[in-house]
Structures are given as C-alpha cells and as structure tokens.
Amino acid sequence: MAETTKKNIRNFCIIAHIDHGKSTLADRLIEMTGQVSERDMDDRLLDSMDLEKERGITIKLTPVRMFYTASDGEEYIFNLIDTPGHVDFSYEVSRSLAACEGAILVVDATQGVQAQTLANVYLALENDLEILPVINKIDLASADPDGTKAEIEDAIGLDCSAAPLISAKAGINIKEVLEKIVTMLPPPKCADEAPLKALIFDSYYDNFKGVICFVRIKEGSVKVGDRIKTFMSDKQFDVTEVGVFSPGLTPKSSLSSGEVGYIAASIKSVQDTAVGDTITLVDNPASEPLPGYKQALPVVFSGVYPLDGSKFNDLKEAILKLKLNDASLTYEAENSMALGFGFRCGFLGLLHMEIIQQRIEREFDIEIITTAPSVSYKVHLTSGEVIDVENPSRLPEPSLIDYMEEPIILANIYSPPDYVGPIMELCQEKRGIFLDMTYVDSKRVRLQYKLPLNEIIFDFFDGLKSRTRGYASFDYELSGYEKSDLVKLDMYLNGDICDALAIIVHKEKAYARGRAIAEKLKEVIPRQMFEIPIQAAVGGKIIARETVKALRKDVLAKCYGGDITRKKKLLEKQKEGKKKMRRLGTVEIPSEAFMSILKIDSE
Amino acid sequence: MAGIYIHVPFCASKCSYCDFASFPKEFGKQEAYFACLYKEMRSRFAEYKDKTYETVYFGGGTPSFADPKFILGAMRLIRECVKLSDSAEITLEVNPGTIDRNKLRIYKQAGITRFSIGLQSSDDKLLKKIGRIHDREDFVKACDILKGYNLSADVMIGLFDQTKESVKDTIDCAINGGVKHISVYALTPEVGTPIYTDYLNGELPDSDEVADMYEYVVKYLDGLGFKRYEVSNFAIPGFESRHNLNYWRRGEYIGFGVGASSFMNGRRFTNVFTIDEYVHFLLNGKYAEASSDVIEGEDAKFEFVMLALRTSVGADVNKYRSAFGSDFFTDFADALKSQKAYLDISADSVKIKDEYLYVQNNIIVAFMK
C-alpha cells in the first residue's frame, strides 16, 4: 500500500437524531469502501447489543478506518468515529466530536429536524467541525427532501444546496457522500514534531492488554516503548501497543498527529484514562492539555441491592467490573433498613442507569432491586454547612435544614404545532418555567423550558410521548441548582417506615404523589395473609392511605385422579414467585415495586 | 392399604370449564380403550399383586356414560387379579343425565357401593351456561334411582352470577336426594377452556366473592351436620370418602387409563393424556407413562405436609415419625415458627386453623425447602 499523506486523511463522525439512519449509513460507507462486509464488532460491543437492538439506539460503536479511492484518483483514509446516540452521553459525544474535523449530519427526510439533530449540531459547531448535511430516507413515500433542506437551512443556517439526497437503507447515492467527505470535510492539521497531545475519546478495559484508549493524536507522535502520562492522573505508563481500527485492533509501529487509533499501556483502570483527558509523553511533555476536559458527573442516583441479601459480594464484584469500563458510573456502599446492604450508584441519566442495571442482571446473573432514582440535592443546614443528598432517606431532620436546592435543566422540545398545548400542560405539571417558543418551520415548533431534573426522572419521557403520540423529541442540559421548597415523602407499610420507598418531592406535589404512590403500591403488592395498610406521610403526618386486603382464597382445586405432582409443581411456582419478593418486616414486596412508583399516570 | 383409580375419558359433551382427559368425540374408541385398560390392569396388578386394595374409584370423564358392562368387566378383573377388601369402598362418578335402572342393575353386579353425582348446581340456567347436559330434575331422578346407596354430590361455586341463595338451594337439593357427602369446588378457569374467555371478560365472581360463598357453604353445611374434613369435602361423620382420604394420607394408589396417576412403592407416575397415545403404547406392549418421579427425602416429607394440611385433622406427627424416622417439629422448625399464627400446634398434630384453610397455599409453601 502506498504511503498516504496526511492531506488524505479525513476524521469525521456521523450525527443524527434517533432512528434517522446513522448506523445504516455507517454500514453503507464501510461496505462501499470494501473494508469489511459487515461491521465487525469486538466482544465489548456485542455485550451491549441486546440493549441496543431492543431500544433501537446505538450506545457505542468502535471507530472504523476505511480506504477510499476518490474520483480524483487519490486514496484517502477515512476514520469514522461513532458517537453515542443519547442525551445521557452528550459529554462523550462532545469528546468524540473533538477528535474529528468534520461531521456528517443525517436528517430523516420524513421527519425533519428533531431535538437531537439540533443538540448534536450545536455540539459539532462548538468543536469547530465542518458539517456535511445528508438527507436520508428519500425513497420513502412521505419523504420531503426539499422541505427538510429548507428546515435545516432555517433552523441551523447550514447551506444545504449540495446536500446529498440518499437512502442508506436502499444504498442510493452513497458514492456521493463518499466524494463529499473528500471535498467538503477538511484534512487534519498536523504537527508531528510538537510534544504529544493525544485526546482520549473513549476507552475500555481488556483483560489481556489493560485499558485500550481510543485516541486522536492532535500533535506529536507516540510509539511502543514511550513512557506516557495524562494530565488528570499522576500515574505513568509504558506504551505496549499502538494501532488503528480496521476495524479490529491492528497494531502499528507508531501513531502521529492527525491520526485516529488506540494506545495500550498496561493501564489497570479506565479511571486513569478519563474520556476528554490528554495523553502526553513523560520525557517531552506538552505544556498544557487539550481544552474541553470535564469530569463526567452522575446526575441520577439509585440504590442497587441484591434481591438475595447473601449476594452482596457478587454485586460488588459486578459493579467493580462494570466500573472498569465505565468511568462515569459511581458507587458507594449503603445500608437500608428495608433492603439491607447495597450500593448507591450514580449515573449519567436514566438510560445509563437502565443499561447498568440490565447488565448486572444479564451479564452477572444477579437479581437486583433498584430503588426509584433520585437526583442530588444541595441541602443547606442551619449550621451553615452544605451537604449533597442523593438518597432521600438520608435527608436530615427538617429542623436542621435551612433550605434546599435542586438541579435544574434547560429542555428543548421539538414537536408539531398541534401538540404545543399538551406539552405546555405537561411542563406546567412538572413545575416547568416557560422560556421560549419558536417556529422551526410551519411543521415544527421548538419549546424551551426550564425544568427541575427530579420531575424529568419521574415519568416525563412517557408523558411526553403519550401526549404527542410520539411526535415530540426532547433534549436537555443541566443548568445548575435552584432553591426549592422540597419535602421528604415517607412510605409506611403495615405501620413500618420503608426507607427504600422514600422520595424527595416539591411540597406542592407531595399530596398528589403520596396518593398516587400508595395507589400504585396497592396494585403491585399481592394480597397476603393479613391486611396491609399503606401510608404516605410528610413530616410524620399521614397524607394518603390505601389498604391491601387480606388474602381470602389461595387453594388448589380438586386433584383429579390423584395428580399430586401437578399440584406440587404449582406450589413450587408459587414458592419461586415468593423468592422474587423482598420481605419487609412481615410484608412481602415484589422487587419491581420500588421502581414501579415511578410509573404513575399523571393526573 | 392401597386404592385403585380407573379413568373413563368419555362424555356426552364437554363442559365449558373442563380441561381434564375427556373426549366426547371419541366414544367410538370405547372398546379399544377398555381392552387396553384391561391390559394395563393385568400387567400392573401382576407387579403389585401383594397389596390389599381398599377402594376403587371410577372417575372421568363420565363413567356413567360408558357402557356399564365395561365397568363390570373392570371389577371382575380386579377381583381376579388382586385382593380387594370385602368392605371396599367402590365409587362410580355419575352424571345425573346418564343414569337409569338398567345401568344400575349392572353396577350392582359390579359391586359399586358409592355414587358420586355431578350435580354442580340446582339452577338450570347456570347448568346450561356451563355446558352441563342435565338439569335439576335429572338429579332428583338420579337420586331416586340410586336410593339406598352411599351418595355424594359435587357442587360448584364461583359460577356466573351465582348467589348464596342459589348455592343453598343446590345443597338443599342434594341433601333432599339423600346425599351424605358433598364436595364443593370453586370453578378454576383454566387457559384454553371456553369459560376462560368469560373469566377474562370479568363475567365470573372475583376471589373475594368466591371466598364469601365458600365461607357461607362451610357454615351452612356445618349446621346440617356435614363436617369439613378436607378443604373441599364435607360429610356426615362416617361418610367421608376413603378413596380421597388415602390420597391425603399419602397412601398408595394405582391409576389406570388416560391421564391417570399412580403412587406405588415411592414412585409417582402419570399416563399420557390422549386416547390414541394411550392405546398405541398398550397395543405395543408398553406402559403409557408420560412422567415418572421417585419421591424421596425432602420431597416425600413435603408431600406429606402438603397433603395432610388440606385436611381438618392436619398432619399426624406420630405417623410422620414412623414414615420418615425423623421429628416433624425439628424438620419444619422454620415454617412452624413463621406460620404459627395460622396453625394449631399440639404435641400430636399440626393443622391449619379453620379460618385459614382456604388460604392454605400461602402457608404450605413455607414448608417447602
């Protein structure tokens, strides 16, 4: 293969709203460049495949290096860096974008600009990327390519006159996309002789090689044997392997500026190679890191407990292993009166939370109970001290609290104008404050609201989807903390307080929420040998009460022809069912009850 | 002692709640079926001929729908092959619409001592709705024909719009017919039966309403001298079903025919569920077992508890010790502790308190290891 000069490198990513065809286009590009017939994913990626398929979203893909001989007769190297497709991972997206010079913006011609389209475009613009708009799904009957172009021009101000009209699925006009990558996206700027600056945009833990850092070399070069360090960690490592993605890990002797590849250096934990951090050489270090590093902070917290208390150590192992690969997951041991020993885990968002929970259950085969998610509150004590409270049951006595603050988000909601009413109503219910409304075009409105994060984790997505028949899309960013009138809502079962069911709510909402949770618990707690009162209380005052009536009929019918075995099997099934329950005092509660309190129909 | 169960899988038509081995359209296979049944009896009895048999039970399906000569044939075969106690209880299930004096003459020859009549309800509208072929009048006639025999009646609760008054009338009707034993079963809507649709549509009483009806029945029958000796069975003292008591005492029994279950020498086995399969196996000189489990250790102990706790006398601690050589109170210490609020515990027995007998599953599973 001929030596390829750096003006022939294109580093880019593909950004899109969910389902607009990002992954399909990536597949086509890879196919057209003949690199591999199908996406060849390593084991790490296969792990998350089930979840991705179920939800129709891409969580993460490995970068791919492609060779393309353009119509100018020259051969180009394309490094396609994929980005996670969900708001929970927007920081990771921003670092992936920072590793590129260009971005392909895929917009579905049947749906137009959506919330994530915008959010991702803004991220790309912040990172000074050249954006190549591509209109996808033009083969569908409801496609409106001209309207979509106009919409992109209006909403984003991008010139779409040369945007390829494609169908990634049907393979229409893919060649044009490849050519436009060459002509419209810039080559990387290079400085091979400068001290090494390598941006870590992803990493994962490999049992044999240690952490594999995915890097974009911005300046300088790195080779096997170099001693490296990062700016955020004081540890040093010896490089054992460098290479590129073609698409599997393919070792090379060195990587230099402008290139995308990986570095392995027997690094024991992904903590030491945080996404966004900069790798440099110990002997000839860069004077400052690349800009834009942020520590990924968890925003959603939930208690994770083993269903079977004796599995605590297995759960700990599982979380430690997941943590190896996921620097944004945080955990600390906690003890609940109701659930025993477990962990309070911090997540980037609800999806991240769900992914981790499912991986614990699927990959480590540990049944867990998770409590309803909470956010982190800043509690200002009368003593003047400020503490962070992530576990509602740890909220200090009201008399010790001066005031509390809760995290606030800025939400962008895109929707056809018909649903503005229901959306405003929903945001209103969720204590939202209206900021702005603009027409993106005649078919789409952008609503901006300021909303408390603790309302978002409480059934907001489902509410938005159901009120807009799935047409609205939603994206948000954290904007800070605001003072708020919050109270702890306690739940009592059979007269005993259940700490794992406690939540922190706005005072105005406590009554309705308490009533709704009591009703929901009545629904999910099966009838038992005795009557079980369910009570919701604020500051010791009962605000709602429901009763699970005592069980009155639980008996197997006639044993025809003396079929005892069948009877026994039915009882065994019942016993199995009981194992999925958690005993709180005398009451048995199904493990899903703790999460079910989130799924409450709004009134 | 041991019991004999014979399954007769023929019916005039299938009731809407039925998911048992009953095949109205296969009546033409009657001869082949009984030939195979006899064949099975001969082979099995050769294996288990040293036991003394105390009860015989013809269940269905509708045994009274089959040609009575096959019942007679089965009884002759039993008497020829094994020792049947002189005082044996020999029960035949009867559908009120399928009994007459000619049949009875043959049953008499066969030595039937007890008839269990499927009354279900005295309300003709309800009977029709659940697909029964008989009416109240048929039941009265059947009782008249069977007068002088030991009679039992099956009664169902939990039917469409059924009221306590309707259940009371059914019980009165049975007792007027001379019945000394009543089994009360709550309708169980099984998946795949026509009534399951009605259940899904909410047309059947809910579990609280059924529990109300059940409690009413227990009280009403008690006032009439019918004691509850098992969760679903009531009798004038002395008229308890010995065949069924044997199941609950974990006694041995041998079952013949489609879907029949057996428990012999510590092994439980159940036959295949269709006539064709059954006939096929037997004609090829094989038994038609669909499943077989040797029950030992903890399993056997649990069975003892699960069966005994259905009865009002409960588990006999001394019998437990002689059966398993271990102490009941030690073996089940945890369950006895966690369930003590629902149990009557004495030095000799452990039973479920009367008021909790109808929620026994919840208690019994605590005894499962």
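**A helix pair in chain B**

B:Ala300, B:Lys301 and B:Phe304 in H11(B) meet B:Lys319, B:Tyr320 and B:Phe324 in H12(B); contact means heavy atoms within 4.5 Å. By class, this contact of H11(B) with H12(B) has 4 nonpolar, no polar and 2 charged residues. Here Ala, Val, Leu, Ile, Met, Phe, Trp, Tyr, Cys and Pro count as nonpolar, Asp, Glu, Lys and Arg as charged, and the others, Gly among them, as polar.

This is a predicted model: local features need pLDDT of at least 70, side-chain atom pairs count only at pLDDT 80 or more, and totals for chains, interfaces and linings use all residues. Side-chain values use heavy atoms, without hydrogens and water; residues are numbered from 1 along each chain as its sequence is written, and chains are lettered from A and ligands numbered from 1 in the order written.

H11 covers residues 297–308 of chain B, and H12 covers residues 317–324 of chain B. Their axes come within 11 Å and cross at roughly 160°. Axes are lines fitted to C-alpha atoms, for helices over the stretch in contact, with angles from 0 to 180 degrees between N-to-C directions. H11(B) and H12(B) are therefore roughly antiparallel (angles over 145 degrees).

In chain A, strands E31 (residues 581–584) and E32 (residues 587–590) run antiparallel, joined by 4 bridges. Strands pair if DSSP finds at least two bridges between them. Helices (H or I, at least four residues) and strands (E, at least two) are DSSP runs, numbered from the N terminus. A:Arg583 has A:Glu588 as its bridge partner in E32(A). The two strands form a hairpin with 2 residues between them, and A:Gly585 in the turn has a positive phi of about 65°.

Chain A has 15 helices and 32 strands. Its C-alpha trace spans about 80 × 70 × 55 Å along the principal axes.

Terms used:
Parallel < 35°, antiparallel > 145°, perpendicular 65-115°, else oblique.
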